[in-house]
Amino acid sequence: MTSAAEPRRVGYIGARGPVVPESGEYLPILNPATGAALGEAYEVDSADLDRIIEDAHATQRNVWRATAPDARGRILRAWADKVAAHREELADLDSQDVGHLRAETLGDVDVTVKILTYYAGMADKLESRSYAQFPGRIAYGIDEPFGVVAGVSPYNANTIFAVFKAAPALVAGNAIVLKAPELAPLSTFRLVELGLEAGLPPGLVNVVTGRGAVVGPLLTEHPGIGMVAFTGGLEAGRSVIRQSATNIVPVSLELGGKSPVIILDDADLELALPLIAHSNFVKSGQSCVAGSRVFAPASRYEEIASRLAEIATAVRVGDPLSPDSQMGSLISQRHRTTVDSLVHSAVDAGATLLAGGAPVEPGGLTDGAFYAPTVLGDVQDDNPAARTEAFGPMASVLSYTDVDEVLGRANDSDFGLSAQVWGNDAASIQHLAANLEVGTVWVNAYRAIHFTVPFGGVKQSGYGRENGFEAIRLYTQSKAVVWDLTTTRADPYA
C-alpha cells in the first residue's frame, strides 16, 4: 500500500472498491505545514454519484439489512483491529494532510479504534419497544434504517468524524456515503480502504470528495439519500438545510460555536489556565469547542489575562512531525489570512493584543500556514473576537463581576455548542450548568467529548445528537405496528 510519504491520487470508493478515474477534475492536496504537494483528489460528478448511491442501495438491501446484528458487530470490530494495526500510517497521513501535531493525530486514531469497538459491542444490543396495550390489541415499534445516508465532515478530526457517522449508521442498518474534506481527504480514504480489507461489504461505506460548493449539493440533494449528517461551518449548514428540502429528508447539524469559559473566584488557576489555553491552541485552534471566550472575575482578571498570555507566548509552534512542536499549522494559508483578519478587526474594535497576533514561519517553513497562539484582552461582548468563531488559535479574555451577569453574557451568543466552568463553588456550578444555553457543559474539564455521551449543539450550533444510543436513533426512523388480535368485531355497515 502507498506510504504516507508518497504522492497519492485518490478517486472515490464505491461498490467496486477504490476507483481512480483516468480523466476528470482533480484537486491538488498540499501539506499545509510545508506547502509541498501530497497528491491530488478526484472531484466526483453527478454520474459518479448516481452509480455509487445506486450500488450502495443494492448492498444495503441485499447484503447488510440481512446481516445479523452480531455479524455486523464482528465486522466493525475487525475494522477497529485493522485501524489499530495501521495506527502509525494513519497518524502520519493525517499530520501531513492537515498539519496537526503527530501526537494529536495519533490520539485521533486511538479514539477512532475505541469508537468502532464501542459500536461493534452495541450492534447486538439494540431493542425494540412496545406501546400502551389495550384488550385484544398489541402495538410495538420498529426502528428502521433510512437506507443510504450521507455523512459530511470537516478536516480537523478526519478519522474520528468518519466513524462518528459511519459506525452508528452501520449498526442501525444503513449504508453511508462519506464526503471527505477536499483539502485533506487522504486519511478518510485510507480508513475506508482498511475497512474493506477487514470485511466491510463493498458499497456499504463509500467515500467521495470535491469542493463543497460543487459536490455538497449533488450529494445532499440526491434522491437516493435518505438522511444527512453534517459537521461544518454555519453558512454551509444553512445550505445543507435548504438542500435537504429538495427531497424532504432529515438532517443532523453540528455547526461549531463560540464557547464560553467561566472561571469562578475560587478556581485553581494552576490547574485551569494551562487547560483553558490548550482548549484554544490544540489543533491550532481548529476545534469547534475551543474555549475562546474566557470570562475572568474582575478581581483576578489581570492575573488570568497575563498568565494566559505567558502560556501562549511559550507554546512552541513548528513542524507537526517534530516531537518538539507543541502546535502545528492551520489548514491553509487562505484560512490563516482569515484568522489574521479577525485578530486585526478585534484590535481595531478596542481589544488589546497580549500575545501572538501574526503569522509565523517556524524553522524556516516559509510556505507553511502557521499562526502564533494569540490572546486578546480588554474584549467587550460586541467585539468581533467575542462574536465570531475564529477556528484558529485565538483566545479572548473578558471581565465580569457576578455569576448572574456572566451567565447572561455567556448566553448572549448565536452559538450554543459547549461551555466550561472552572471552580469549586457547588451552588454556582449547579446554577450555571442548569442555565447555560449549550449542548454540553464541562466542569473543571474541557473537550471531554466521549463516544458514550451525547454531543451536539443548540441555537445556531445545530441540532441532533451524536454518540451513544442517541446516534443510533439519529440514523433510524420509527415504524409503528398495531395488531388487532380479536376474531369478532362489529360490522360498521350493519
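**The second largest pocket**

Reply: Two helices, helix 4 (102-122) and helix 5 (158-171), each give at least two residues to the lining of the second largest pocket. The model is predicted: local features need pLDDT of at least 70, side-chain atom pairs 80 or more, while totals for chains, interfaces and linings use all residues. Numbering starts from 1 along each chain, and side-chain values use heavy atoms, without hydrogens or water.

Helix 4 contributes the most to this lining, six residues. In total, 27 residues line the second largest pocket. Asp108, Ile160, Lys283, Arg447 and Ile449 lie nearest its centre. A pocket is an open set of 1 Å grid points fitting a 1.4 Å probe, with protein on both sides within 12 Å along at least five of seven lines; lining atoms lie within 4 Å of a point. The volume is about 570 Å³, as filled by probe spheres on the points. The lining splits into 13 nonpolar, seven polar and seven charged residues. Asp, Glu, Lys and Arg count as charged, Gly as polar.

Now the largest pocket. Its space is about 1400 Å³. The lining has 42 residues, and Tyr155, Glu182, Gly232, Gly233 and Ala236 lie nearest the centre. Helix 7 (212-220), strand 11 (228-231), helix 8 (234-244) and helix 11 (333-348) each supply at least two of the lining residues. Helix 8 has the largest share, six residues. By class, the lining of the largest pocket holds 20 nonpolar, 15 polar and seven charged residues.

Technical notes: Helices (H or I, at least four residues) and strands (E, at least two) are DSSP runs, numbered from the N terminus.
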